[in-house]
Amino acid sequence: CGGPGECNRTIVIDKVGDPNSTTWFTPGWNGADGSYSDNCCCILTIQFKVQGFVTMTFADHSFVHDSTNCQFDKLEIDFDDGLDHPDSHQHKIHCDSLSSLEEGFEHFENTIHTSTVTFCPVVEPGGSLVDTGFLMNIT
């Protein structure tokens, strides 16, 4: 499911101004001409060691196969702002077109905290249905 560094990745934000711009993508990503494989889980881990803000945007032609309620192929984003309040933990799920999607989250405390982005496509009943995948820009 891709070579080293293609699928699983960790970004550490340990000083103000991190992260420098970077990308994360599904194995097989090649814009409109690529496709990902089923049963290939990829995890992006973002570890905050200081206060910080992360923005994620997606390249044109970024798609995750759409299924009812994102039941099969989906991109899941889990983060916590580090504060103790009812809305501090966020869990978001996306499927279908990601091209115009922008997600951002902020960690407010100077404590270590980890957020994750998970992409884990599974084989649907009736066969493998995949799409182009995505290229995520992280700033």
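Four aromatic pairs turn up in this predicted model, counting rings of Phe, Tyr and Trp (its six-membered ring) whose centres lie within 6.5 Å, with planes under 30 degrees apart called stacked, over 60 edge-to-face and the rest tilted. Ring pairs link W24, Y36, F58, F119 and F134 into a cluster. Residue numbers start from 1 along each chain as its sequence is written. As this is a predicted model, local features need pLDDT of at least 70 and side-chain atom pairs count only at pLDDT 80 or more, while totals for chains, interfaces and linings use all residues; side-chain values use heavy atoms, with hydrogens and water left out.

**The rings**

- Strands here are DSSP runs (E, at least two residues), numbered from the N terminus.
- Y36 is buried at 3% relative accessibility, and F119 is buried at 1%. Buried means under 20% relative accessible area, exposed over 50% and partly exposed in between (1.4 Å probe, protein chains only).
- F58 and F134 are also edge-to-face, because their ring centres are 5.8 Å apart and their planes at 80°.
- F58 lies in strand 4 (residues 52-58) and F134 in the loop between strand 10 and strand 11, so that pair bridges 76 residues of sequence.
- F58 is buried at 6%, and F134 at 0%.

- Four strands make an open, antiparallel sheet in the order 2-11-4-9; strands pair if DSSP finds at least two bridges between them.
- Its edges are strand 2 (22-25) and strand 9 (102-107), each pairing on one side only.
- Strand 2 is joined to strand 11 (residues 135-138) by four bridges, and T22 has I138 as its bridge partner there.

**Two buried residues**

- H94, in strand 7 (residues 89-94), counts as buried at 16% relative accessibility.
- S115, in strand 10 (residues 113-119), is buried at 2%.

**Confidence**

- The chain averages a pLDDT of 82, with 86% of the residues scoring at least 70; pLDDT is the predictor's confidence in each residue, from 0 to 100.
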